[in-house]
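Hi everyone, thanks for making time for this. I'd like to walk you through one chain today, so please have a look at the screen.

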Amino acid sequence: MSQPQQPHRPFFPFGNPFRMLSPKGSQLSPRLLSLLNTFEEALAARLRKLNPKDKGDVLSFTWMKLAMESLCETHTVIKTLITELELPVTEWDEKWIDVYLDITVKLLDICIAFSSELSWLNQGQLFLQCALHKLESNNSEKLMQACSSLDSWRQHIGSKNPRLENCKSILENLVDSLTLPKVKNSAKGKVLMRAMYGVKVQTVFVCSVFAAAFSVNSKNLIDLDVPNTILWAQAYSDLQTTVNGEIREVFSRGKFTFLKELDEVETVVNNLYPMIQDGMGPTEVEAFSSSFSDLGRRAERLSQVLDFLAKEVDGFFKIVLSGRDALLCNLRVSDTVADPFRGSNSEGIMGNRL
């Protein structure tokens, strides 16, 4: 993780994305309005669930896991909504398809960056396990080796991941996509675009928090100004204020790391280090034993939450990838239907080759 930066000015996208969703004279049928309201009410509930009672809970892998679970659920629900809208890909505007494909590429890239960071943090567990093994001995040489392992862990955790450097530009591109393409003569399309706006806002929020957390850089945080005409606007505003505000406040303290589980391990390491280097008298043996046991417990807890979060990020990657693959597959099928000779000609060519 890199060192903290000063907070930057909040980013507010220009324009009203809902200008094209509610043109004059446009009316949604009761069924479509019900589908949209159900989607937005459920999104509002998920956003409220992410807003912790204790601000300190935000800055943890545990909260990040909940955030990624929520994001996965939203992306899964939008697929269900598309089915309920009975809006096949063949009826999609080309601009919708272009926007969707562009967004999914960016999301896959950012998932890879997050996965690489989690993998790197998990590799640091080897240094902690090595230190714990050495600390079981009373041999002075092994105790010094334990110090070396703890030093290596600190350096490992504090190192910069180059994959995270592109997150800011990816997130800004995602923000640019919030300005929705115009929808003409399609009530179902209007519902889809408005629902997609909610999906993209939550995606930008969660990914920007992850990028800031992993890079220890508040410049990766993005503040969005969401129109208050939609059902989940207040829930999102409250969540963004709590989470982004707490992150910036913690960054201002210039801490080595702000993620709760990492911070807990570092605190124990800082307690053990002087005991090992300076030697222990009879009165310090009990304190050393307590810190040693504490390090073992916290290291195990860190390993667990890293594994849990890595699985959620991988799950999100698979959801995005499967959605992209399904769209491309449907496009290929529709192209074949539109040009039946293309398929027969291909079969004839393949037949000649065989």
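This is a predicted model: local features need pLDDT of at least 70, side-chain atom pairs count only at pLDDT 80 or more; totals for chains, interfaces and linings use all residues.

Residues are numbered from 1 along each chain as its sequence is written, and side-chain values use heavy atoms, with hydrogens and water left out.

So, the overall picture. The chain has 11 helices and zero strands; here helices (H or I, at least four residues) and strands (E, at least two) are DSSP runs, numbered from the N terminus. Of its 354 residues, 47% are buried, where buried means under 20% relative accessible area with a 1.4 Å probe, protein chains only. If you take contacts between residues at least 6 apart in sequence, 84% of them join residues at least 24 apart, a contact being heavy atoms within 4.5 Å.

Let's turn to the first pair of helices. How do the axes of α1 and α2 cross? They come within 10 Å, at roughly 175°, with axes fitted to C-alpha atoms over the stretch in contact and angles running from 0 to 180 degrees between N-to-C directions. That makes α1 roughly antiparallel to α2, the word for angles over 145 degrees. The residues that meet include Leu-35, Phe-39 and Leu-43 in α1, and Leu-66, Val-77 and Leu-81 in α2. By class, this contact has 12 nonpolar, two polar and four charged residues. In that scheme Ala, Val, Leu, Ile, Met, Phe, Trp, Tyr, Cys and Pro count as nonpolar, Asp, Glu, Lys and Arg as charged, and the others, Gly among them, as polar.

Is Arg-46 buried or exposed? Arg-46 is buried, at a relative accessible area of 8%. Leaving aside residues up to four places away in sequence, Arg-46 touches Ser-70, Glu-73, Thr-74 and Val-77. Arg-46 and Glu-73 are 27 residues apart along the chain, with 8.9 Å between their C-alpha atoms.

As for α2 itself, residues 61–85, its 25 residues reach 36 Å from first C-alpha to last, close to the 36 Å expected at 1.5 Å a residue. That expected span is 1.5 Å times one less than the number of residues. Glu-86 follows α2 and has a positive phi, near 55°.

Now for the second pair. Helix α7 (residues 187–215) and helix α8 (residues 233–251) have axes that come within 12 Å and cross at roughly 10°. They are therefore roughly parallel to each other, the term for angles under 35 degrees. Among the residues making the contact are Phe-205 and Val-209 of α7 and Leu-239 and Val-243 of α8. This one has nine nonpolar, two polar and no charged residues.

In the loop between α7 and α8 you'll find Val-216. Its phi is positive, near 50°, in a residue other than glycine. Val-216 is also buried, with a relative accessible area of 1%.

That's my tour, and I'm happy to go back to any of it.

Methods. Buried means under 20% relative accessible area, exposed over 50%, partly exposed in between (1.4 Å probe, protein chains only). Angles under 35 degrees count as roughly parallel, over 145 as roughly antiparallel, 65 to 115 as roughly perpendicular and the rest as oblique.
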